[in-house]
Structure formats: C-alpha cells, structure tokens
Amino acid sequence: MTNLFNYIDRPSPIHRLSGASKLVCLLLWSVAAMTSFYTPLLVVLTVLALILFRMAKLRVKDVSFTLSIMLVYIALNNILIFLFSPAHGVELYGSRTVLIPLPGRYSITAEQLFYHLNVILKNACTIPPVILFVCTTNPSEFAASLNRIGVSYRISYSVALALRYIPDIQREYHDISLAQQARGVEMSKKANLIHRLKAASTILIPLVLSSMERIETISNAMELRGFGKGKKRTWYASRPFTPADYGSMIFCGLLLIASLALTAINGGRFFNPFR
Amino acid sequence: MKKFSVKSIVAIGIGAALFFVLGRFVSIPSPVPNTNISVQYGLLAFLAVVYGPVAGALIGFIGHTLIDFSFGWGIWWSWVIASAVFGLLMGLSAKVLKMDEAQIGKKGLIKFNLSQVVCHLASWMVVAPVLDVYMMGEPWDKLIAQGLMAGIANAVTTAIVGSLLCVAYAATKTKAGSLSKED
Amino acid sequence: MEKETLISFRDFGFQYTAQAEPTLYNINLDIHRGEKVLIAGPSGCGKSTIAHCINGLIPASYPGKITGSLTVKGEDAIKQGLFGLSKTIGTVLQDSDGQFIGLTVAEDIAFALENDCVARDEMHDIVEKTADLVDIRRVLGHAPHEISGGQKQRVSLAGVMVNQVDVLLFDEPLANLDPATGKQAIELIDEIQKRTGCAVVIIEHRLEDVLHRHVDRVVVMGDGRILYDGDPDTMLCSSLLQRSGIREPLYVTALKYAGVSPTPDMHPASLDQITLTQAQKDQVQSWFSLQPSPAPDEDAPVILKATGIDFTYEGGHHALKGIDVSIRKGEMLSIVGTNGAGKSTFSKVICGFELPQSGSLTLNGEDLTAFSIKERADKIGYVMQNPNQMISKTMIFDEVALGLRNRGVSEEEIRPRVEETLKICGLYPFRNWPVSALSYGQKKRVTIASILVLHPEIIILDEPTAGQDFRHYTDIMEFLRALNRQGVTIVLITHDMHLMLEYTPRAVVFHDGRVICDASAAQVLNSPEIVTQAHLKETSLYHLALQCGIASPEEFTRRFIARDQEVRK
Ligand SMILES: Nc1ncnc2c1ncn2[C@@H]1O[C@H](COP(=O)(O)OP(=O)(O)OP(=O)(O)O)[C@@H](O)[C@H]1O
Ligand SMILES: Nc1ncnc2c1ncn2[C@@H]1O[C@H](COP(=O)(O)OP(=O)(O)OP(=O)(O)O)[C@@H](O)[C@H]1O
Ligand SMILES: [Mg+2]
Ligand SMILES: [Mg+2]
C-alpha cells in the first residue's frame with residue numbers, strides 16, 4: 001500500500017524526464033488518440049507506445065496486474081458493444097459484408113469486426129501511456145508538475161494531500177472496521193447489497209467524521225507554516241526542464257497536429273476501407 | 001477565479017483520498033464493466049453539500065482520476081468528468097435548496113435525496129454517454145444501458161450512505177453556548 | 001538587564017463559541033527572549049487553548065469571544081493574524097501525525113520554505129542543514145509511516161525551525177514517546193534553544209521529564225486560570241502541585257515522605273543540582289529502613305498464552321518475530337519497549353485484528369485461532385492507542401453505550417452502567433457533549449470507558465495514561481487495580497516507567513519485534529543493558545537512593561510506592 005501507484009524507480013530516459021513534461025505529453029497523446037479514428041494512426045500510436053515501454057525499461061511482470069485488468073476490461077467492453085449493437089460497424093461504414101451469417105441481428109460482418117479492431121486499437125494506444133506515466137513518475141512530483149503546467153498551486157497541493165493521506169486513510173479504514181467488530185458490530189461478508197452497505201456505513205461514519213476532524217488539524221498545521229499566503233510557491237520535488245523535455249513535448253504536439261490533420265483530410269473521423 | 005480557503009484545499013485533498021479508498025477497496029463490482037456499486041458517491045454527495053460545488057467537483061475529479069490511475073485501465077475521461085459534474089451539481093443544488101447540513105432534518109433529507117437522484121441521472125445518463133459517443137465513438141444503446149445501470153446503482157448507495165452521513169454529521173454540530181458541565 | 005518581551009497576555013480571556021462559560025479567565029503572562037517556560041496543569045484546563053491564542057489559531061480557526069489583550073513582539077496578535085505570527089512563532093502541535101504534511105520527510109521540512117517561494121537549490125541545502133541539526137539526515141527520503149514516533153517529533157521540529165522563529169511552542173511533545181526518546185527530545189530542545197537563543201514554551205504533563213533540563217519558569221494552570229508563575233524550585237517546595245492534581249517529581253515526593261521539606265536553595269528542580277546535607281540523606285536512609293517491604297503475590301493459572309507468534313505486515317515489515325508470552329489469571333503486567341517495537345501489533349494479534357503467519361494463541365487453554373474478532377472481544381477488551389480510531393458515535397454517552405447496545409443489553413441496565421463508568425473516568429459532567437468538543441486526554445478517557453463498561457476478563461490498554469494529568473492517572477489506575485483485585489487480568493502498554501513499577505509487578509520488554517526480557521518491573525530497570533537496548537530509563541527515585549547511599553535502589557522504590565499508595569488513599 002506504500003506504493004499504490006507502483007512507481008518503479010529505474011534509470012531510464014523516460015524516468016529522467018521531468019514530471020511536468022511527461023504530464024503534458026500524456027495529455028497531448030490522449031487527446032490525439034481520443035479524437036482520431038484514423039486506423040493507420042492508431043496502429044502507429046500503439047506501436048510507439050510499445051517502444052516507449054521498452055525505453056522505460058519496464059518489464060511485463062512490473063505491470064502484469066494493471067495489464068491483466070486492462071485486457072479483461074477491453075474484452076468485456078467489446079462483448080457488450082457486440083451484444084447491444086452488432087451492426088454498429090455497418091451503420092458507420094455504410095456497407096454490409098456478411099462473413100458468418102447468424103440468426104437475428106447477430107450476423108458477423110467485416111464492418112463490425114473492423115469497428116471492433118478500431119475500438120481495441122483505441123484502448124491499446126490510450127491506456128499504456130497512462131501506465132507509463134504512473135510507473136515512471138515519482139508521486140512527489142505530481143503536484144509540482146500540475147502547478148508547472150498552470151494549475152493553481154492550491155489545487156495542485158490538494159492532489160499532493162490526497163496522495164499523502166491515502167495510505168493513512170486506508171490503514172484507518174482497516175483499524176476502524178476491526179474496532180467496530182470488536183465492539184459487536186456485525187460485518188457479514190455476504191455480497192448481499194443492503195447488508196454490505198449497512199456494514200460499510202458503520203465504518204464510514206467514524207472514518208468520515210474523524211477525517212473531517214483531520215481536515216481541521218491539517219489546515220491548522222498548514223496555515224501555521226504559512227501555506228496560502230503568497231500568489232506563488234516553489235516545490236522541493238520539482239525538476240528543471242532539459243532539452244529532452246522540450247523535445248518530447250514538441251514530438252507529442254506534432255502527434256496531435258497529425259491526428260487533427262488526418263481527421264480533416266479524411267473528411268470524417270472514421271477511416272473507411274470499405275469504400 | 002476566487003481564492004480558496006486553506007480549509008477547502010485540505011477538504012478537497014482528504015475528500016479525494018476518501019473517495020479513492022472507498023472506490024478502490026470498498027466498492028462492489030457489478031456485471032457491467034467500468035460501473036461499480038460504489039459507496040464513494042454517497043460520500044461525494046455529502047462532502048459536496050458540506051464543502052460546496054467547487055470542492056465537490058474537484059473531489060470527484062481528482063478522486064476518480066486517481067482510481068483510474070491505480071487500476072491502470074487508462075483514464076476514462078468521460079466517467080471522470082461525469083463524477084466531477086455530479087459533485088458540482090450536488091454542491092449547487094445544496095446552495096439553491098438552502099440545505100443546512102449543520103442541522104439537517106426530515107425536510108433536509110428529502111431535499112438531499114431528490115437532488116442526488118436528479119444529479120446522478122444527469123451525470124450518468126447525459127454527461128458520460130455524450131462524451132463517450134464523441135471520444136470513443138461507441139454505440140448509444142450500449143452507453144445508455146451502462147449509464148442507467150450506474151445511475152440507478154449510485155442513486156441507491158447515495159440514498160443510504162449519504163443520508164446516514166448527513167444525519168451523523170448534523171449530530172456533531174453544537175449550537176453556540178450549548179456546552180456546559182452538569183453534575 | 002530586562003530581556004525583550006516577546007509574548008504578553010494582559011487580563012486575557014477566551015470563550016469558545018460552543019462553550020457556555022469561558023475557557024480562559026484573566027490571564028496575565030509574559031514570555032521573554034531566550035526564556036524556557038513550562039506550562040503544566042490538569043487535563044482540560046486550557047493549556048492547548050493558550051497555545052492556540054499564541055500562534056493565532058484562535059481566533060483564525062477557533063471562533064470565540066476574546067477579552068483583554070495579547071501582544072506578540074509589541075504588536076497586537078489579532079491584527080498580525082496567523083501568517084504574521086507564523087514568522088515569530090513556530091508551533092509543534094499535539095499530534096505529530098496531523099503535522100506531517102509532506103509525502104516524504106524532506107518535503108515536510110521544506111514545506112514552510114516552499115510557501116516562502118525559496119528557490120529550489122537553496123531550499124535543498126537549508127533542508128539538509130536543518131536535518132543534520134535534529135539528526136534525521138538518513139531518513140530524508142522516507143514516508144511518514146516509515147519512521148518512528150521519535151523521528152516524527154524531530155521532523156516536525158525541523159519543519160518549524162527552517163524559518164528562524166523567535167518562539168518555539170510545543171504542545172505535549174513527549175506524549176507517546178518512549179522514555180529514552182522523550183529524554184533525547186528534551187535535550188534536543190535544550191540544545192536548539194542554546195544555539196538559536198529563541199524562547200521555548202513547553203506544555204507537558206510529564207513535569208519530571210521536562211525538568212531533566214533547566215527550565216526558567218513554570219506556569220501552573222487550573223480551570224482556565226494561572227495559579228502559579230515563577231521559578232521551578234519555589235514551586236516544588238509548595239504543595240501547589242498536589243492540590244491542582246499534577247504529579248510532582250518522584251524524588252521530591254520521596255523527600256517529603258522522608259520528612260525532608262525541600263527549600264528553594266536546595267534546587268529541587270533538578271536531581272543533578274539538588275543539594276542534600278548529610279543529615280537529610282540520613283533522614284531518607286532511616287525512613288527507608290522503617291518502611292515495611294510489601295509481600296510478593298503468589299502464582300495463578302495461565303489465562304492467555306502466546307507461543308512463537310510471528311507476524312509480517314502487508315508492507316513487508318516483519319513486526320513480530322516469535323513472541324512467547326504467557327499471562328496468569330488476575331495478573332497485572334505491563335508491556336514496555338522502544339517506539340515501533342511491536343507492542344501495539346502484538347495486542348492487535350491477540351484481539352484477532354491481525355492474523356499471525358505462525359504461532360499459537362490460547363485463552364484458558366482454548367485455541368483462539370477459530371475465534372472471530374467479536375468472540376474474542378467478549379473476553380478480551382482492547383483500548384487502542386489512537387482514540388479517534390475507536391470513537392464511532394458522536395455523543396459521549398452513546399459511544400460508551402455502543403458495546404452494550406450491540407450485545408443487546410436493556411436500556412434501563414445500560415444507563416446506570418454507563419453513568420457509573422463515566423464517573424470513574426471523570427467524564428460524567430460531559431456526558432451529553434459531542435465527542436468533538438473534548439480535549440485529547442478527555443477523548444482517550446472516553447475510549448477507556450467504552451471498554452471498561454463491558455467488564456471483559458482481560459483488558460489490554462495501549463498507553464492509557466498518555467496525555468493524562470495525575471488526578472485522572474490515579475483515578476484510572478486505581479480503578480484498574482480495583483478491577484484487578486476482583487480477578488480481571490490487566491495488560492498495560494506504557495512508556496511510563498513509574499507506572500510500571502507502581503502498578504505492575506511484572507514487565508515484558510519488547511524490542512524490534514522480540515521479547516528481550518520478562519521479569520519483575522524492578523529487575524528490568526535494574527539491568528543496564530536491557531534499559532539501554534529497550535530505550536527505558538531508571539526513575540529519579542533510583543538516582544535519589546544512590547545519592548543517599550542506599551544499597552538497593554529498587555527496594556527503596558518498592559517501599560516508596562507502598563507508602564505513596566497509603567498517602568494517596
Ligand atoms: N474546539 C473547541 N470547541 C469547544 N470547546 C473546546 C474546543 N477545544 C477545547 N475545548 C474545551 O476547552 C477546554 C480546554 O481544552 P484544552 O484542549 O485547552 O485542554 P488542555 O489543557 O490542552 O487539555 P489536555 O491536557 O487534555 O490537552 C476543554 O474543557 C475542552 O472541552
Ligand atoms: N498497518 C501497518 N502496516 C505496516 N507497518 C506497520 C503497520 N502498523 C505498524 N507498522 C510498523 O510495525 C512496527 C511496530 O509498530 P507498533 O505500532 O506495534 O509499535 P509500538 O511498539 O506500538 O510503538 P509505539 O510505542 O510507538 O506505539 C513499526 O515499525 C510500524 O512502523
Ligand atoms: Mg492539550
Ligand atoms: Mg503502539
């Protein structure tokens with residue numbers, strides 16, 4: 001629980017980038033991937049993402065947990081899409097090439113499969129960068145980075161506070177639930193929803209109320225040490241930009257431009273091979 | 001933008017941490033992916049009422065982002081934003097309906113629950129799907145189904161957990177000059 | 001020459017908005033540069049409230065009615081506001097966890113500098129210098145839960161020292177520190193003051209521990225008023241402390257019992273400087289020989305037996321390494337040892353909060369492994385170290401009644417039982433208050449009450465007397481002893497060496513997840529290597545005995561306690 005966001009400290013070019021620039025890159029990349037459905041671009045982005053993983057010296061086992069969740073998630077998502085609208089591809093691409101005829105609307109069409117390919121590619125190029133960012137950025141740098149890219153330092157600091165107190169609150173949740181059980185509160189492990197909710201709230205109330213008292217103490221401590229008196233503040237954990245930082249940001253900027261340009265040229269977000 | 005008090009900064013931080021812990025370790029997964037029977041929305045509704053719309057929005061935003069970070073299924077912007085919107089709307093409705101969290105009564109609870117249901121539907125049936133359709137180009141009917149699931153589930157948990165929190169909190173509030181030693 | 005006056009209260013009074021009566025009444029108090037002032041007083045008398053006034057939290061975050069005036073460096077405090085005052089006054093709060101804001105030690109020390117927009121590189125070397133000053137250079141990169149209680153204290157000290165303040169304000173810096181660490185803390189504060197020449201204000205119940213180093217003035221408070229403000233020697237010669245329910249240094253009490261009435265010119269404030277004439281030493285000697293030594297108590301059947309308990313936290317911290325302890329029925333024993341030795345963890349294992357990876361636990365010969373937390377709790381009551389983790393109800397009465405209600409006891413039976421317990425814990429006057437309005441010490445008592453009310457077979461109390469004044473200390477401990485006499489087994493986790501000697505014939509010493517000693521309390525303190533290894537400390541009685549040339553100091557201590565018992569009855 002100490003390393004919830006599994007930050008993995010390894011000497012690598014990606015690790016050496018400052019958190020702020022990595023954050024900028026992540027945002028640019030995400031937008032680029034989100035806005036475009038231009039299949040070749042998605043393929044390129046996916047490949048790039050994999051290359052970056054190698055650069056960051058990340059091994060599969062480092063991220064096996066998150067990776068497995070991601071795969072399960074992608075699978076489920078596709079199954080659902082198919083169940084709810086097996087002909088979505090047909091609508092999108094305006095043609096219908098049946099490969100395997102099945103009863104009802106559920107015939108398998110090339111268009112639908114191609115659409116699913118797009119969905120998968122989209123996940124495959126939006127998700128890894130996030131994992132990459134989390135694994136290569138020291139949590140201490142999060143807040144400093146946010147502030148660096150223009151988020152007000154007060155809000156940036158609330159992110160830092162969240163990271164600081166997550167382990168404490170986790171531990172407190174644990175202890176409170178035990179203390180409550182010791183005093184006779186029944187915590188049935190059955191998945192019965194109402195039961196679970198009742199049990200949860202017997203812990204929740206002390207947890208939330210003590211957290212609200214904690215809010216008092218912490219804000220007192222912070223004000224006593226002069227938080228919030230100035231317009232700006234500096235960060236112990238911040239790191240100066242290097243050429244590499246600028247380079248990477250420019251590169252991601254270009255990716256975004258490319259994606260927008262392609263959408264424009266293609267006259268529509270969907271790359272259509274069936275025309 | 002108006003300057004926050006240090007207290008609301010801390011409230012946002014701790015609130016997000018609570019939201020995270022509940023969402024990450026307490027929530028009960030439901031059959032539909034990416035939608036949980038999640039206790040944290042009861043908390044969010046409550047905190048939004050106490051600390052106001054801006055705090056509510058940021059708690060939802062930061063908390064949800066961190067959850068997505070730690071699960072590693074990518075940041076699901078549409079849903080993150082929906083959470084933020086829920087916090088925002090809850091905070092606003094508290095202001096509009098003049099809910100007094102310090103001594104919330106029957107009327108207060110009714111107001112609280114009516115508004116929370118409305119806000120949930122707005123967030124999960126409107127905001128989330130619209131964004132998904134644009135960003136992921138996913139089919140409507142699937143998204144609506146997802147949204148409905150999430151909306152209802154969250155409204156239920158909020159009704160139970162949120163209301164309990166409001167009542168408990170009101171009880172800690174002491175009226176001025178009310179404390180004197182008795183023997 | 002007259003030193004510069006830094007803080008000055010004039011006919012000052014304060015009333016919390018929520019309170020019906022004021023918490024402070026016409027306070028007149030001056031604090032000068034380079035002075036070290038100790039503020040003592042019973043729990044709930046308003047010490048922390050005074051601290052809040054000095055550092056500006058009152059009125060900034062605790063609204064209330066202020067009367068009279070408070071000036072800091074000649075200017076009106078309220079006008080200066082929190083930030084203005086934070087330049088002059090550095091505060092170390094009562095709980096060092098709430099104070100630790102940064103993700104790592106280094107960031108926390110740097111916090112104040114960050115707010116002053118100090119450049120990054122400059123910041124880094126200020127932090128390192130300060131870290132050296134309080135000797136935590138090694139742990140700069142650690143997270144809060146990776147460092148010990150003593151180190152946390154040092155971090156918060158470093159955190160306020162980075163911007164040179166004129167006044168260092170400590171609210172119970174010693175609560176929850178093991179004796180040796182507490183001693184170091186006091187020595188550290190003393191050195192810092194000598195080096196920086198700032199004024200130091202310490203609020204503390206552990207009077208004797210603070211007096212370990214020179215103190216210029218002592219301020220004794222009671223019910224929101226200042227009862228005494230002067231040099232420690234004179235105060236110790238009066239009977240003020242007993243009257244206002246504060247424990248005076250043991251050696252002073254011993255001298256008084258022996259009929260030696262201390263006078264200011266003897267410098268009773270410090271055992272190192274105290275001057276005793278041969279006559280007086282003889283007096284103590286003869287008193288010693290007159291005291292009957294109490295009879296040792298006989299053995300009883302084993303009630304709780306732990307064998308080879310081994311436990312590692314998820315984080316990978318190996319907290320318990322093969323613990324063997326067996327507790328006899330009707331015994332009253334204490335568990336002592338270093339901060340982070342595993343004492344609390346061990347009690348959590350006993351209560352089933354944590355499941356050991358190996359080893360066995362039996363209660364009355366029955367294996368506990370199969371028992372649920374609740375089933376164990378019916379027989380074993382555990383008062384946790386941190387009150388906030390136990391308190392789940394908002395009103396004090398309901399909190400204490402909770403356990404009974406969950407066990408389906410009828411309301412008409414609950415009321416008398418709860419009220420009786422509340423009286424014992426000195427909380428009866430507050431029974432209808434919300435818990436949120438209590439001071440730390442008061443909260444701690446609420447949690448003790450909520451367990452006592454259940455009448456378990458074994459009670460484990462984790463630092464029950466932390467932050468308690470002498471009167472409540474005595475009340476609680478005497479009640480526990482009474483329970484013990486009725487056959488209830490009592491386990492105390494404590495850092496108070498005299499408590500150990502006074503109430504628990506047997507002591508189990510933890511160090512780094514192992515039991516390094518299991519013997520009579522006196523024997524434990526009598527073996528120097530255990531004392532140093534486990535961060536314990538001989539009591540001042542021990543040293544007094546040596547000064548008076550008494551051969552067996554522990555026997556002296558034992559007889560002192562016997563006498564003290566009668567007197568306090
Ligand atoms: N925020 C608050 N609102 C209302 N009453 C309060 C508040 N804080 C403290 N009090 C009351 O003021 C009195 C003094 O509290 P304070 O914390 O100063 O005591 P203390 O001397 O520090 O006690 P301790 O030694 O236990 O810390 C207590 O009776 C408490 O009930
Ligand atoms: N929930 C937890 N997760 C991981 N490590 C923990 C946890 N709780 C305690 N520890 C570690 O286990 C060790 C023993 O902790 P414990 O609280 O038992 O010490 P202790 O003897 O009670 O100390 P103190 O006298 O300061 O209360 C410490 O090093 C602590 O950092
Ligand atoms: Mg206090
Ligand atoms: Mg402990």
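1. Chain B is built from six helices and two strands, where helices (H or I, at least four residues) and strands (E, at least two) are DSSP runs, numbered from the N terminus. Along the sequence of chain B these elements follow the pattern α-β-β-α-α-α-α-α.

2. On conventions, this is a predicted model, in which local features need pLDDT of at least 70 and side-chain atom pairs count only at pLDDT 80 or more, while totals for chains, interfaces and linings use all residues. Residues are numbered from 1 along each chain as its sequence is written, and chains are lettered from A and ligands numbered from 1 in the order in which they are written.

3. Of the 183 residues in chain B, 61% are buried, a residue being buried if 20 or more other C-beta atoms, placed from the backbone, lie within 10 Å of its own, exposed if 12 or fewer, and partly exposed in between. Among contacts in chain B between residues at least 6 apart in sequence, those joining residues at least 24 apart make up 71%; two residues are in contact if their C-beta atoms, placed from the backbone, lie within 7 Å.

4. Between chains C and A, 50 residues of chain C are in contact with 43 residues of chain A. Several helices of chain C each supply at least two residues of the side that touches chain A, among them helix 3 (77-88), helix 6 (120-133) and helix 16 (396-406), but the largest share, seven residues, comes from helix 5 of chain C. The residues on this side of chain C divide into 25 nonpolar, 17 polar and eight charged, with Ala, Val, Leu, Ile, Met, Phe, Trp, Tyr, Cys and Pro counted as nonpolar, Asp, Glu, Lys and Arg as charged, and the others, Gly among them, as polar.

5. Within chain C, the axes of helix 16 and helix 17 (residues 411-424) come within 10 Å and cross at roughly 130 degrees, which makes helix 16 of chain C oblique to helix 17 of chain C. Axes are lines fitted to C-alpha atoms, for helices over the stretch in contact, and angles run from 0 to 180 degrees between N-to-C directions; angles under 35 degrees count as roughly parallel, over 145 as roughly antiparallel, 65 to 115 as roughly perpendicular and the rest as oblique. The contact includes Phe397(C) and Leu404(C) of helix 16 of chain C and Ile414(C) and Val418(C) of helix 17 of chain C, and by class it has seven nonpolar, one polar and two charged residues.
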